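Here is a short report on one protein model and its metal site. Look at the sequence and the 3D structure first.

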Amino acid sequence: MAVYDIALRRRFRRIDRRSGVLIRGEAGWGEISPFWDYGPAESARWFAAGLEAATVPFPPVARDRVPVNATVPVCDPAAAVGIVAAHPGVRAVKVKVADPGVELREDCARVAAVAEALAAGGGGVVRVDANGAWEVDEAARAIRELDAAAGGLEYVEQPCAEVEEMARVRRAVNVAVAADESVRRAGDPLAVVRAGACDLIVTKVQPLGGVRAALAVAEEAGVPVVVSSAVDSSVGLAMGAHLAAVLPELPHPCGLGTLSLLTGDVSSTPLTVREGAIDVRRVAPDVADAAPVTPELVSRWLRRLDEVAAWMESAR
Ligand SMILES: [Mg+2]
């Protein structure tokens with residue numbers, strides 16, 4: 001077992017470091033890295049995912065490379081163009097929109113700049129992620145304008161927070177709607193699909209309890225799946241890459257090109273993006289010394305694993 005702790009390049013979800021536990025079993029290494037604000041019940045699924053990766057071989061894969069998107073945070077158009085240029089070969093870009101205090105015309109300008117840069121660089125699609133920030137009417141208007149600015153969006157991710165709102169937005173616009181938070185943090189990850197509130201779902205291995213559990217969700221969903229990371233180390237990204245590689249069809253690039261959000265990695269052979277895709281392979285941590293962790297952090301993780309284990313015991 002090893003603990004890692006790596007700084008993020010820029011603040012995200014109100015955190016500036018990413019930390020987790022890596023465990024080794026007969027099948028290889030697995031990652032357990034629930035965010036610090038998650039309680040034992042939610043963390044238990046992340047725990048199960050890491051344990052599965054370490055102890056049970058992954059199912060046979062259908063591909064050995066997984067196309068991924070680049071991500072453009074809220075920034076000015078010139079910076080957005082720079083990010084696209086820094087990702088040669090990427091054929092999909094996710095643009096963050098609807099941040100508090102940012103106007104729609106600024107989001108549109110960023111999206112237009114990204115679409116233009118992609119077209120100039122060989123083509124590609126633009127998707128936007130609102131992280132549930134819009135009201136229904138606001139969403140419908142914003143999506144129409146962003147769609148026009150992009151010359152056609154691939155999809156809009158989580159336009160509103162509630163499933164019922166997502167369904168209304170989906171009926172009001174001609175852009176595909178993807179569910180992310182509605183899948184990942186819901187007691188029932190497929191309620192959003194059954195409500196007719198999305199055209200595709202974003203799935204993450206750890207929050208869904210492992211590759212097999214996520215695969216079962218994907219199969220039952222019956223809609224296309226975009227596999228994403230939770231800003232994992234390469235060990236966790238390998239889990240996501242295997243899920244994406246096992247899926248019979250993968251019509252959309254995945255959100256697994258996230259290693260560049262971290263200032264380092266746990267492996268000297270990291271799952272970095274090359275020509276718009278990442279490899280499907282196991283990764284072993286071998287640079288623990290490069291990012292020393294404190295005994296306090298190790299104790300904190302051990303206490304956390306104890307809490308999860310106690311919760312799992314009580315939930316039986
Ligand atoms: Mg999202």
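Glu157 has a relative accessibility of 2% and counts as buried (under 20% relative accessible area; exposed is over 50%, partly exposed in between, with a 1.4 Å probe on protein chains only). This is a predicted model, in which local features need pLDDT of at least 70, side-chain atom pairs count only at pLDDT 80 or more, and totals for chains, interfaces and linings use all residues. Residues are numbered from 1 along each chain as its sequence is written, and side-chain values use heavy atoms, with hydrogens and water left out.

## The magnesium site

Glu157 is one of the residues that hold the metal. The magnesium ion is coordinated by Asp129 (OD), Glu157 (OE) and Asp180 (OD), at 2.1 to 2.3 Å. Donors here are N, O and S atoms within 2.8 Å of the metal (3.2 Å for Na, K and Ca); water is not among the atoms, so the site may look incomplete. The donor spacing in sequence reads D-x27-E-x22-D. Glu157 sits in strand 8 (residues 156-157) and Asp180 in the loop between strand 9 (177-179) and helix 6 (181-184), so this pair ties together parts that are 23 residues apart in sequence. Strands (E, at least two residues) and helices (H or I, at least four) are DSSP runs, numbered from the N terminus.

The UniProt annotation "binding site", from an unreviewed entry, covers Asp129, Glu157 and Asp180. They span 52 residues in sequence, yet no two of their C-alpha atoms are more than 9.2 Å apart, so they gather at one spot. UniProt positions are given in the numbering used here, with shortened feature names, and annotations may be inferred rather than shown by experiment.

Accessibility and phi values for selected residues:

| Residue | Property | Value |
|---|---|---|
| Asp129 | relative accessibility | 0%, buried |
| Asp180 | relative accessible area | 3%, buried |
| Ala98 | relative accessibility | 13%, buried |
| Asn131 | relative accessible area | 35%, partly exposed |
| Ala98 | phi | about 65 degrees |
| Asn131 | phi | near 50 degrees |
| Gly122 | phi | about 115 degrees |

Asp129 lies in strand 7. What does Asp129 contact, leaving aside its neighbours within four places in sequence? The partners are Lys94, Val95, Lys96, Val97, Glu157, Gln158 and Asp180. Contact means heavy atoms within 4.5 Å.

Lys96 belongs to strand 6. Beyond residues up to four places away in sequence, Lys96 touches Val72, Pro73, Val74, Asp107, Arg110, Asp129 and Asn131. Asn131 is in the loop between strand 7 and helix 4. Ala98 is in the loop between strand 6 and helix 3. Both have positive phi without being glycine.

## Helix 3

Helix 3 (residues 104-120) has 17 residues. From first C-alpha to last, helix 3 reaches 24 Å, close to the 24 Å expected at 1.5 Å a residue. The expected span is 1.5 Å times one less than the number of residues. Its buried residues include Leu104, Asp107, Arg110, Val111, Val114 and Leu118. An α-helix has 3.6 residues a turn, so residues three or four places apart point the same way. The buried residues of helix 3 pack against strand 5 (70-72), helix 2 (77-85), strand 6 (92-96), strand 7 (125-129) and helix 4 (136-150). Gly122, with its positive phi, comes just after helix 3.

## Cores and domains

Which members of the largest nonpolar core touch the most other members? Trp134, Leu146 and Ile201 do, in a core of 93 residues. A nonpolar core is a set of buried Ala, Val, Leu, Ile, Met, Phe, Trp, Tyr and Cys residues joined through side-chain atoms within 4.5 Å. Helix 10 (residues 234-246) gives the most to this core, with nine residues. Domain 1 (2-58 + 290-315) and domain 2 (65-279) both give residues to this core, so it lies between them. Domain bounds come from an automatic or database domain assignment. A second, separate core of eleven residues includes Ile32, Ala54, Leu297 and Val308.

Leaving aside neighbours within four places in sequence, the contacts of Trp134 include Val97, Ala98, Leu146, Val156 and Cys160.

The C-alpha centres of domain 1 and domain 2 lie 24 Å apart. Their contact takes 28 residues from domain 1 and 27 residues from domain 2.
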